[in-house]
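Subject: Structure handover

Hello,

Here is the structure I promised you. Please open it next to this email and follow along.

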Amino acid sequence: MDNFFTEGDRVWLREDEQFLPSTVSSCSGGVVVFATDYGQVYTYKQNTLTRQKVQPMHRSSIRGVEDMASLEDLHEGAIMHNLYLRYKQKYIYTYIGSILAAVNPYQPLPGLYDRPAVEMYSQHHLGEISPHIFAIANECYRSLWKRLQNQCVLISGESGAGKTESTKLILKFLSAMSQHSLEVSSRDKTSHVEEALLESSPIMEAFGNAKTVYNNNSSRFGKFVQLHVSQKGNIQGGKIVDCIL
Ligand SMILES: Nc1ncnc2c1ncn2[C@@H]1O[C@H](COP(=O)(O)OP(=O)(O)OP(=O)(O)O)[C@@H](O)[C@H]1O
């Protein structure tokens, strides 16, 4: 069989139906040694290796991408590896087209959600700057006028994935946009709607959350949060309906 990889090459090694990101660490005397990025070492006789077993890694997977729709390697291993590469650099957000994947950092990331971040994402369309939950919130807010239709964000993930925190971040961004849309003179009078929205979270959590093995502050119910936005762009009211108890 012709040699389709050499020492030092980045490849996907197929093991137990999974593609593991690996490096060919040696290739001599008819024996090939692979070192995976997750610390395992696999040794094979060269003549037993097929192109199904070892696949070249595309450069999009080697350097990592902000939007996984542009990954050339299409399998779960490539998605997990891309999220892992980004997470190591403290980039917790990655797009898959217009979908956002968030990896819970379980620690505060300085500057990620502060006032300048709100300002920056409010001035850019989705995909123009690095992936962020604020970009999703901004797209939603702007689409109210662009499409003249109600907008909806669906947040899903396993327990402890960060759904509740993501919901609060979207509310934070929308509250800031709502405040921004008002005349300076009327800002103080109407700020109580946004404040009430943000302050409802600890109250809901006090009644509806519990400590579990997965999450110290686990929501024991699902939430449907509805916001009513005026033509001028400020939040005039809203409601939270509990579901999936
Ligand atoms: N973006 C983030 N930055 C920093 N920490 C986060 C972030 N998202 C989540 N966390 C941390 O992870 C914990 C769990 O997140 P969260 O409660 O949002 O999960 P969840 O998906 O709503 O879980 P459950 O389904 O159990 O309610 C939070 O209490 C917080 O400490």
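First, a term you will need: helices and strands here are DSSP runs, numbered from the N terminus. A helix run has at least four residues, and a strand run at least two. Also keep in mind that this is a predicted model.

**Overall layout**

The protein is divided into domain 1 (10-61) and domain 2 (90-243). Taken over C-alpha atoms, the centres of domain 1 and domain 2 are separated by 42 Å.

Start with strand E2 (residues 18-28) and strand E3 (residues 31-36). They run antiparallel and are joined by 6 bridges. Look for Ser 22: it stands opposite Thr 36 in E3. E2 and E3 form a hairpin, with 2 residues between them. In that turn, Gly 29 has a positive phi of about 60°.

Now move on to strand E4 (residues 41-45). E3 pairs with E4 in the antiparallel sense, over 5 bridges. Here Val 32 stands opposite Tyr 44 in E4. E3 and E4 also form a hairpin, with 4 residues between them. Its turn holds Gly 39, with a positive phi of about 95°.

**The cores**

Which residues have the most contacts inside the largest nonpolar core? They are Ile 133, Phe 134, Ala 137, Ile 170, Phe 173, Leu 174 and Ile 235. The core has 20 residues. Helix H3 (115-122), helix H4 (133-146), helix H5 (163-181) and strand E10 (222-229) each give two or more residues to this core.

Go back to Leu 174 for a moment. Not counting residues up to four places away in sequence, Leu 174 touches Ala 137, Tyr 141, Leu 227 and Ile 235.

H4 has 14 residues. From its first C-alpha to its last, H4 reaches 20 Å, close to the 20 Å expected at 1.5 Å a residue. Its buried residues are Ile 133, Phe 134, Ala 135, Ile 136, Ala 137, Asn 138 and Tyr 141. What covers them includes strand E6 (93-96), strand E7 (99-102), H3 and H5. After H4 comes Leu 148, whose phi is positive, near 50°.

H5 has 19 residues, which should span 27 Å at 1.5 Å a residue. The end C-alpha atoms of H5 are 27 Å apart, so the two values agree. In H5, the buried residues are Ser 166, Leu 169, Ile 170, Leu 171, Phe 173, Leu 174, Ser 175, Met 177 and Ser 178.

**The annotated site**

An unreviewed UniProt entry places the feature "binding site" at Gly 157, Glu 158, Ser 159, Gly 160, Ala 161, Gly 162, Lys 163 and Thr 164. Take two of these positions. Ser 159 is in the loop between H4 and H5. Gly 160 is in the loop between H4 and H5 too.

Is Ser 159 buried or exposed? Ser 159 has 12 other C-beta atoms within 10 Å, so it is exposed. The cut-off for exposed is 12 or fewer. Gly 160 has 16 other C-beta atoms within 10 Å and is partly exposed.

Their contacts come next, leaving aside neighbours within four places in sequence. Ser 159 touches Thr 212, Tyr 214, Asn 215 and Ser 218. Gly 160 is in contact with Asn 104, Tyr 214, Asn 215 and Ser 218.

Best wishes

Notes
Residues are numbered from 1 along each chain as its sequence is written. This is a predicted model: local features need pLDDT of at least 70, side-chain atom pairs count only at pLDDT 80 or more; totals for chains, interfaces and linings use all residues. A nonpolar core is a set of buried Ala, Val, Leu, Ile, Met, Phe, Trp, Tyr and Cys residues joined through C-beta atoms within 7 Å. Two residues are in contact if their C-beta atoms, placed from the backbone, lie within 7 Å. The expected span of a helix is 1.5 Å times one less than its number of residues. Domain bounds come from an automatic or database domain assignment. Two strands pair if DSSP finds at least two bridges between them. UniProt positions are given in the numbering used here, feature names are shortened, and annotations may be inferred rather than shown by experiment.
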